Amino acid sequence: MRRTTTRRKPVVRRKSRKKSSFFSGKIRSYSVIAFFILLFIGLGYHYRNGFLYYLGFKSYKLKYEQEQSKRISDIRNYQVLDNHKGKAIGIDVSEYQGEIDWNLVQNVEEEYPVSFVLVRATAGNDGEDQQFEQNWSAVKKQKLIRGAYHYYRPNENSLEQAKLFIKTVRLRKGDLPPVLDIEKLPKDQSLDSLKIGLRRWLKAVEAHYKVKPIIYTGEKYYDDFLKKDFSDYLFWIANYNFYREKIEEDWLFWQFTEKASVSGIKGNVDVNIFNGDVEQLRFITIE
């Protein structure tokens, strides 16, 4: 029998790979992050004087611009108020004015007597102004003519908004008619649908209080969307244009500024002119 020879395969010895450590990778990442943090802190400290100067300059510049804007606004306020001597002057307030010292609320710009106050009562179908009750009763105690308004949200149910206002506001003899404040356009509905909603609110509120509501809006909104279709209502118009100095004949109220000063109130206040004197204003109040 023929002998067969078997060839052995050469043994290949593989070099063992060194396992990478999980923790060593993390330490490397943390080291890089720590390096950049220290670098940022070091640069900040090195240039600290420059940063402080820059921030101080920006703060000073902002304060200067605010003071200039207020100064220009004051000039216009005096001009407009002087042009309407004999007209009833009033303010409108909400929770944004915070707590008001009503004992001090007497004059606009320390010179022009406040005769009436319009107070925000509600907003949308679930928003009650946090200062309404306090403001509402305080205005009455000060023997000022008062009125309440509702901020209308176009994308919420109009009848639910009317119910909230009716639930919140109890009008008395001598109070102004209820006010509907509409400033926004709807997002998810047509303009025709918005107008239907506004009509529903107005009709529901009129049926409850037995008096026709007033509509508040901006002049452009009034001209573009409401003037024609809601001509059977009286309007309270907002226009802060520096060059407008007189109230229009068909405006019941004119909100001519949002940057007036009134003692007892911190910050700026909206000021309104009624298109008549105080006795004429009393004539449109609830009997």
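**Exercise 1. Helix 3 and the residue after it**

Task: State which residue takes a positive phi just after helix 3, and then find which residues of helix 3 are buried and what they pack against.

Solution: Just after helix 3, the residue with a positive phi, of about 60°, is Lys143. Before going on, note that this is a predicted model, in which local features need pLDDT of at least 70 and side-chain atom pairs count only at pLDDT 80 or more, while totals for chains, interfaces and linings use all residues. Residues are numbered from 1 along each chain as its sequence is written, and side-chain values use heavy atoms, with hydrogens and water left out. Helices (H or I, at least four residues) and strands (E, at least two) are DSSP runs, numbered from the N terminus.

Next, go through helix 3, which spans residues 132-141, and pick out the buried residues, where buried means under 20% relative accessible area, exposed means over 50%, and partly exposed lies in between (1.4 Å probe, protein chains only). This gives Phe132, Asn135, Trp136, Ala138 and Val139. Finally, look at their surroundings: these buried residues pack against strand 1 (89-93), strand 4 (116-123), strand 6 (145-151) and helix 4, with contact taken as heavy atoms within 4.5 Å.

**Exercise 2. Helix 4 beside helix 5**

Task: Describe how helix 4 and helix 5 pack, giving their angle and the distance between their axes, and say which residues make the contact.

Solution: Two packed helices are described by the angle between their axes and the distance between the axes. Axes are lines fitted to C-alpha atoms, for helices over the stretch in contact, and angles run from 0 to 180 degrees between N-to-C directions. For helix 4 (residues 158-168) and helix 5 (residues 191-209), the angle is about 30° and the axes are 8 Å apart. The two helices are therefore roughly parallel to each other, since angles under 35 degrees count as roughly parallel, over 145 as roughly antiparallel, 65 to 115 as roughly perpendicular and the rest as oblique. From helix 4, the contact is made by Ser158, Leu159, Gln161, Ala162, Phe165 and Ile166, and from helix 5 by Gly197, Arg200, Trp201, Ala204, Val205, His208 and Tyr209.

**Exercise 3. Salt bridges around Arg120**

Solution: A salt bridge is a side-chain nitrogen of Lys or Arg within 4 Å of a carboxyl oxygen of Asp or Glu, and the structure holds 11 of them. In one of these, the side chains of Arg120 and Glu95 meet at 3.6 Å, N to O; Arg120 lies in strand 4 and Glu95 in the loop between strand 1 and strand 2 (107-108), so that the pair links distant parts of the chain, 25 residues apart. Arg120 also forms a salt bridge with Asp129, where the closest N and O atoms are 2.8 Å apart.
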